[in-house]
Amino acid sequence: MTAAVWLDGVTVEARGRAILRDVSFRVEPGERVALIGPNGAGKSTLLRVIAGVLHPNAGRVELGGEPVGSMDRGTVARRLAVVPQQTALPFSMRVEEVVALGRLPHEDALRGAQPADRAAVAAAIDRVGLGGLLGRDARELSLGERQLVLLALAVAQEAPTLLLDEPTVHLDLRHQVEAMELMRDLNERDGTTLIAVLHDLALASHFFPRLLLLDHGRLVADGTPPEVLSDARIREVFGVSPELVRLAATRG
Amino acid sequence: MTSGVATAGGTGARPWLAARGRDRRFWLVLGGILVALAGAVLGVAFGSVSVPFGDTVTIVVDKLLGTHLSTADAATQAIVWDLRVPRVLLAMTVGAGLAVAGATFQGLLRNPLADPYVLGTASGAALGAAIGLLIPLHFFVFGFGLSNLLAFVGAVVSITVVYRLARVTGLAPLTGLLLTGYAVASLLAAGLTMAMYLSGAALRQIFNYLLGSFEQASWERFAGALPIVLIASIIIATRARSLNGLLLGEQAAAHLGVNVERERPLLLGLASLVTAAAVTVSGLIGFVGLVVPHIVRLLTGPNARAVIPISALWGAVLLVYADLIARVVGDIPVGVVTAIIGAPFFLILLRRARTGYEL
């Protein structure tokens with residue numbers, strides 16, 4: 001089977017310092033993977049490499065069996081949706097107008113949005129449960145609501161693989177769990193391949209069957225949560241007592 | 001593609017899906033065309049010399065259809081056909097161009113206060129054109145001379161400087177952009193003053209760049225500006241997808257399939273070209289690019305696919321009427337009229353930006 005995402009020996013250097021060193025892994029279609037690791041481990045850089053916006057100094061990156069470096073941006077965007085970072089919108093935009101931006105990679109340059117695009121936007125809004133926010137100015141929403149709008153945008157993109165960078169960072173506990181349940185549902189029900197950078201080890205191990213642990217630019221562990229988050233590793237990589245993580249994990 | 005979630009009656013049940021006012025866009029286009037036509041008629045009919053309306057009509061009909069209905073004398077015919085008609089057409093072309101350039105700069109810089117005048121792009125074009133006048137080197141390729149070329153260079157250089165500096169000042173984006181634009185425009189204004197000081201015989205011409213007026217309108221100027229404004233605006237309109245992606249920032253745009261590295265210089269270059277074309281034929285006319293796209297966006301939403309063409313239309317409308325006002329009031333420069341309309345508008349936007357605009 002062709003891997004959804006395949007990295008082979010990826011190394012990224014910036015100003016003489018290695019940010020990623022020899023990272024290799026495969027993500028099969030339909031998998032749900034969390035990228036974890038301390039600050040500065042290279043998680044966000046890895047996402048940028050997968051999305052093809054950062055070209056590695058060495059190694060190969062393939063999306064659906066093709067090198068991402070040789071694809072044009074539109075092709076990448078139809079295979080891979082990245083949930084955007086929160087940003088200040090320059091103009092007043094309604095929630096549904098923001099979500100509709102997810103259709104840009106599918107739109108014809110001249111004709112614009114077609115009925116199929118509008119249907120995909122409607123479906124994404126229903127899927128994420130944004131019905132109550134329609135018509136609102138996206139700039140006036142809470143951070144948590146905006147996060148959901150950006151998630152809906154990525155869902156509307158209808159790419160087989162979804163990339164998320166800290167999707168729960170602005171959310172309170174209840175909304176974190178709801179967002180995680182939504183992501184699990186997108187993965188299990190719709191078959192979307194999911195790769196998420198997560199800070200919260202408890203959420204990651206509760207909701208993701210596979211974890212990739214990065215430390216100082218190296219992939220130091222790849223497996224199920226119990227395999228990856230051994231007591232020794234939590235101590236070594238994160239520098240905290242394993243109890244802190246365990247306690248949090250059992251509450252889910 | 002997708003199953004018919006919304007197609008099978010769904011769209012009907014979700015009226016919000018029919019983008020912010022498809023109806024509204026239709027009326028804006030239809031209304032714009034009618035108001036522009038009315039403005040054109042008024043613009044040709046009125047002026048410092050009064051020409052009976054019947055004569056105006058017959059002169060225009062004669063020229064267009066090659067008939068000989070008009071009984072007016074040659075001077076009157078010249079006033080109508082060689083002064084007023086090109087003046088109206090030029091005002092429309094420049095208005096459309098400045099509005100498109102403003103909308104494009106706003107999208108690229110992600111800033112509702114960007115405008116060729118505010119950013120100093122227009123001053124850059126004016127300085128380039130003035131330097132072109134001073135250099136005793138005359139060549140023309142398809143009617144374009146050194147002044148046109150240097151106006152474009154001036155516009156591109158000044159927007160590039162503003163664009164790059166505004167991103168690295170460490171100030172809030174809005175403040176950084178406005179301050180950089182102000183500093184660049186001041187420097188360019190000093191350059192223009194210097195050019196005027198050195199100009200001798202060309203003083204009057206350089207002074208005209210500063211004024212912003214259609215006094216010098218002619219068929220030649222119209223023919224010089226129209227193709228550039230038209231073609232560049234059409235290309236910008238076909239890049240609507242890129243401008244829409246940039247609403248979310250350059251990173252997100254790249255993830256949405258926009259080749260930012262290619263689109264940014266292309267769009268900056270095209271908008272500079274339009275600005276330069278407008279400035280070389282009419283001088284510095286401010287705030288059209290600020291006021292028009294802003295109001296259009298309020299009515300249609302921020303989708304560039306609607307904003308660009310509708311802004312072009314209403315930019316044409318704004319300048320035709322502003323020029324009419326300028327002439328009726330007593331031949332004041334049209335730049336004064338747009339400044340009187342535009343500067344308070346700019347201040348209101350700035351005030352709102354402080355409260356409602358999270359940066």
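Strands (E, at least two residues) and helices (H or I, at least four) are DSSP runs, numbered from the N terminus. Both terms are used on this tour.

The structure is a predicted model, in which local features need pLDDT of at least 70 and side-chain atom pairs count only at pLDDT 80 or more, while totals for chains, interfaces and linings use all residues. Residues are numbered from 1 along each chain as its sequence is written, and chains are lettered from A and ligands numbered from 1 in the order in which they are written.

**Stop 1: a strand in chain A**

Select residues 32-36 of chain A, which form strand β3. Of its 5 residues, 5 are buried, so β3(A) is largely enclosed by the rest of the structure. A residue is buried if 20 or more other C-beta atoms, placed from the backbone, lie within 10 Å of its own; with 12 or fewer it is exposed, and in between partly exposed. Show the side chains: R32(A), A34(A) and I36(A) point one way, V33(A) and L35(A) the other.

**Stop 2: chain B as a whole**

Select chain B, which has 15 helices and 0 strands. Of its 359 residues, 52% count as buried. Colour the chain by pLDDT, the predictor's confidence in each residue, from 0 to 100. The mean for chain B is 84, and 88% of its residues reach 70 or more. Residues 1-18 of chain B stay under 50, and residues 355-359 of chain B are also below 50.

**Stop 3: two helices in chain B**

Select residues 22-45 and residues 304-330 of chain B, helices α2 and α14. Two packed helices are described by the angle between their axes and the distance between the axes. The axes of α2(B) and α14(B) come within 9 Å and cross at roughly 25°. Axes are lines fitted to C-alpha atoms, for helices over the stretch in contact, and angles run from 0 to 180 degrees between N-to-C directions. α2(B) and α14(B) are therefore roughly parallel to each other, a term for angles under 35 degrees.

Finally, display the residues that meet, including G32(B), A36(B) and G39(B) in α2(B) and L313(B), V317(B) and Y321(B) in α14(B).

How values were computed:
Contact = placed C-beta atoms within 7 Å. Parallel < 35°, antiparallel > 145°, perpendicular 65-115°, else oblique.
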